[in-house]
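Please open the model in your viewer and keep the selection panel at hand. The tour below goes from one selection to the next.

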Amino acid sequence: LEKLIELYNILPDKLIFNIHDAYIIKANLKLDQPLIIKCKKLLETPSNLAPNLKLNTNCEIGFRLDKLKTIKI
C-alpha cells in the first residue's frame, strides 16, 4: 500500500486500480514514456517502511488485461 499511495501522489488522474501486486495506469506509451519511467523508478526504490525491501518491476501495455505485452523501459 505504501507504493500505491506514492503512485497516487504523482498521478492521481491516471491511476486506475490495483490488483494484488499490479498497478494499472492510463498512459500513452509514446506521450507518457517519461511518466512511465518515473513510476517504474518509484516502485523500485527501497521502501521507507521496510528499508531492506526492494522490488523489481516489469511494465506491460495493452487494452485488455488478458492480452498485455511486456515492454522494456
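What follows is a series of selections, each with a note on what is there.

This is a predicted model, in which local features need pLDDT of at least 70 and side-chain atom pairs count only at pLDDT 80 or more, while totals for chains, interfaces and linings use all residues. Residues are numbered from 1 along each chain as its sequence is written, and side-chain values use heavy atoms, with hydrogens and water left out.

**The core.** Select Leu4, Leu7, Leu11, Leu15, Leu35, Cys39, Leu42 and Leu43, the 8 residues of the largest nonpolar core; such a core is a set of buried Ala, Val, Leu, Ile, Met, Phe, Trp, Tyr and Cys residues joined through side-chain atoms within 4.5 Å, where buried means under 20% relative accessible area, exposed over 50% and partly exposed in between, with a 1.4 Å probe and protein chains only. Helix H1 (2-10) and helix H2 (33-44) each supply at least two residues of this core, and H2 gives the most, with 4 residues; helices (H or I, at least four residues) and strands (E, at least two) are DSSP runs numbered from the N terminus.

Which cysteine sulfur is nearest to that of cysteine 39? That of cysteine 59, 8.3 Å away, and the count of disulfides (pairs of cysteine sulfur atoms within 2.5 Å) comes to 0. Cysteine 39 is buried because its relative accessible area is 6%, and cysteine 59 also counts as buried, at 15%.

**The salt bridges.** A search of the whole structure finds 4 salt bridges, each a side-chain nitrogen of Lys or Arg within 4 Å of a carboxyl oxygen of Asp or Glu. Select lysine 3 and glutamate 6, whose closest N and O atoms are 3.5 Å apart; both lie in helix H1, 3 residues apart, about one turn of the helix, and both are buried. Then select aspartate 32 and lysine 14, a salt bridge with closest N and O atoms 3.3 Å apart, which links distant parts of the chain: aspartate 32 is in the loop between strand E2 (22-25) and H2, and lysine 14, 18 residues apart from it, is in the loop between H1 and E1. Aspartate 32 is buried, at 15% relative accessible area, whereas lysine 14 is partly exposed, at 24%. Finish with aspartate 66 and arginine 64, a salt bridge whose closest N and O atoms are 3.0 Å apart.
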